[in-house]
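Good morning, and thank you for making time for this. I would like to walk you through one structure, so please keep the picture in view while I talk.

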Amino acid sequence: MHSPHDQYVRVRGAREHNLKGADVDIPRDVLAVFTGVSGSGKSSLAFGTIYAEAQRRYFESVAPYARRLIHQVGAPKVGEITGLPPAVSLQQRRSAPTSRSSVGTVTNLSNSLRMLFSRAGEYPAGAERLESDAFSPNTAAGACPQCHGLGQVHDTTEELLVPDPGLSIREGAIAAWPGAWQGKNLRDILDTLGHDVDRPWRELPAGAREWILFTDEQPVVTVHPVRDADRIQRPYQGTYMSARRYVLKTFADTKSASLRAKAERFLSSAPCPVCGGSRLRPEALAVTFGGRTIAELAALPLTDLAVLLDGRDETTRVLTEDLKSRIAPVVELGLGYLSLDRSTPTLSAGELQRLRLATQLRSGLFGVVYVLDEPSAGLHPADTEALLTVLARLKAAGNSVFVVEHHLEVVRGADWLVDVGPGAGEHGGRVLYSGPPAELASVEESATAAFLFDESPGPAREVREPCGWLTVGPVTRHNLREVTAEFPLGAFTAVTGVSGSGKSTLIGELTEESAGVDRLVRVDQRPIGRTPRSNLATYTGLFDVVRKVFAGTEEARTRGYGVGRFSFNVAGGRCETCQGEGFVSVELLFLPSTYAPCPDCGGARYNPETLQVSYRDRNIAEVLGLTVEGAAEFFADVPAAARSLGTLLDVGLGYLRLGQPATELSGGEAQRIKLASELQRGRRGRTLYLLDEPTTGLHPADVEVLMDRLHGLVDAGHTVVVVEHDMTVVAGADWVIDLGPGGGDRGGRIVASGPPERVASAAGSATAPYLARVMP
């Protein structure tokens, strides 16, 4: 038994995911970094075990009824953990923020600024004092009545909605309409209302065109659909919605980034004529501080805002000092270029996580364990030093900081290292080493040691000759000002620069229409699905092959089971209690809802009858439980499955389970699944591959595997463009475009471009000194 004053968090017998009864002791009040190849089990130890157990203890202390929920949520699979303080988790959540969410709302800085205006603002003579709510565009008290607090009024025109007036409505003249069933439905309603859907659009009467596109009426009619002859079509009640109304509604309400982007194509936006884009009521805009309105201050970069805040009297001083102390950590983390009114959807995952981290610095918590998930993701090497300073401050405040990390500079800055491995999935799950970083060198099995202590540059690579050039620009968007860039075709280009310098904006301008590109493939880190229904097997198309294999077994044919029987998304073969999800959602009073395994199928997703059909002694649920590596052996003689599994192995995802829900995959894993799906398709024409930080979440050993694949694409005649902070990747590129020199207003220019050795010696580049260190 350890003394109550034991200075260690001691984990015994951890078996979560692939951990093999791991035991580890980690001192408290240190910066401890968990390392290991992707899928080795380090997140299962840090998040799945240590953080999950701290959360479970918290639930248990909340209320008696919570004990029932813990039983459903399930405790982490671990023998015991002693010496564990309360924990706070900061993960790279890629939530779907709305256009109303901003830097100010994420950091709570907006609240402080509104309080300052409410209490210490300069009001016009005779005006009564406003509550702080009246300075928020997100409340009825503060929002401009014309644009409802969005700052922009969006509208559309006939030219935008109907780009080709030579088409009839049936041929798709109204480009803004939704596709598939919804579009046909609107067409059938117009037909029922007596409009001619087969005449070219330009020949329709002007009044009819105006009504179809812009009416606010929503008539309900009985539609007798004329569609497929082989399907029974019943009449139904259809509600008409004009094209303008559909586009505006989609733009305002949708959570889907792609639908929102599609709707935006049909809108012209202008600043609201009433509030001038400030989003607020006139009463709020009449109040000033230091001669500026709250909207003017919210539009300034945080570094400039901090300079303008000064307190003239005691009340004002208290409020301005509070604001400055909240701004300081945001600036320290290299985000001083952001303004409070910058909307959250335009931020990268790395920027968003660092904003949350800055907010935590101000929370003043003491004696807790912070568990962080790759805080260096999306960080330029120049900003990594600031990150280490901030982590040291959290530690100095009396907290323990546990970080899952691959970035070698962060690993070198740790007080304590926990290395998990040696491989991924089945080949990992053991704690290889726990102790001070320097002694990891003696651990032969460790994949981390090889990279941590060997700082010699990689082998020099012959720079490829481009087969042509792709010119983009001049681009003026976000912080880019008339930037023109040239990308070599048939080569590997790395786009570099500090956070916020405009890298993603620049590569976002590369399109299918660009000359010399037959096909454009964007491989980003967005989730491959938002529900547990979407998984690795369904996304890659592998699941279709697996279902065919099961439907072809003797047992399935005898029972009359078709391919659909083996889908967990349709009734028939799935477990109806959880409707094939394997989980049921548990609603927690006062707390976020959580998923628990289905009480009937125990997470198998299928009903007992379906599970009686087996192929090579495994049922469909057991096959979904196989790792990619295991499945590659199991389906070695099924060519369609073997090809799909082979590409997943090639991008280093052999440790993932086929049925792993999309919600459990990291951004880096989702990106590599998309890349694998691309690689297994036959390569058609000259393809341009765009990847935004493909090495995020990858151990240096995995980065080498991924780079081999990407360079293989270039050798096959394709073009690869990556946004990248990993200098070893940049050193191996054929061409580098470095943006900067800073972020936000201090960035947006091309500082240097050319082969890596030229950029490594460029004056005024924040990237150059770091690139020079790794050049062969």
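Before the elements themselves, one convention: contact means heavy atoms within 4.5 Å, axes are lines fitted to C-alpha atoms, for helices over the stretch in contact, and angles run from 0 to 180 degrees between N-to-C directions. Helices (H or I, at least four residues) and strands (E, at least two) are DSSP runs, numbered from the N terminus, and two strands pair if DSSP finds at least two bridges between them.

Please bear in mind that this is a predicted model, in which local features need pLDDT of at least 70 and side-chain atom pairs count only at pLDDT 80 or more, while totals for chains, interfaces and linings use all residues. Residues are numbered from 1 along each chain as its sequence is written, and side-chain values use heavy atoms, with hydrogens and water left out.

For 776 residues, a compact globule would have a radius of gyration near 28 Å, and the 29 Å of the protein agrees with that; the radius is taken over C-alpha atoms, and the globule rule is 2.2 Å times the number of residues to the power 0.38.

Strand β12 (residues 416-421) pairs with β13 in the antiparallel sense over 5 bridges, and Asp-419 has Tyr-433 in β13 as its bridge partner.

Between β17 and strand β22 (residues 687-692) the pairing is parallel, over 5 bridges, with Tyr-689 of β22 as the bridge partner of Val-521.

Helix α25 (residues 639-650) packs against helix α26 (residues 667-680) at an angle of about 135°, with their axes 9 Å apart. The two are therefore oblique to each other, given that angles under 35 degrees count as roughly parallel, over 145 as roughly antiparallel, 65 to 115 as roughly perpendicular and the rest as oblique. Their contact is made by Arg-643, Ser-644, Thr-647 and Leu-648 of α25 together with Ile-673, Ala-676, Leu-679 and Gln-680 of α26.

And how are α4 and α13 oriented to each other? Helix α4 (residues 109-120) and helix α13 (residues 314-335) pack at about 165°, with their axes 10 Å apart, and are therefore roughly antiparallel. Among the residues making this contact are Leu-113 and Leu-116 of α4, and Leu-319 and Leu-323 of α13.
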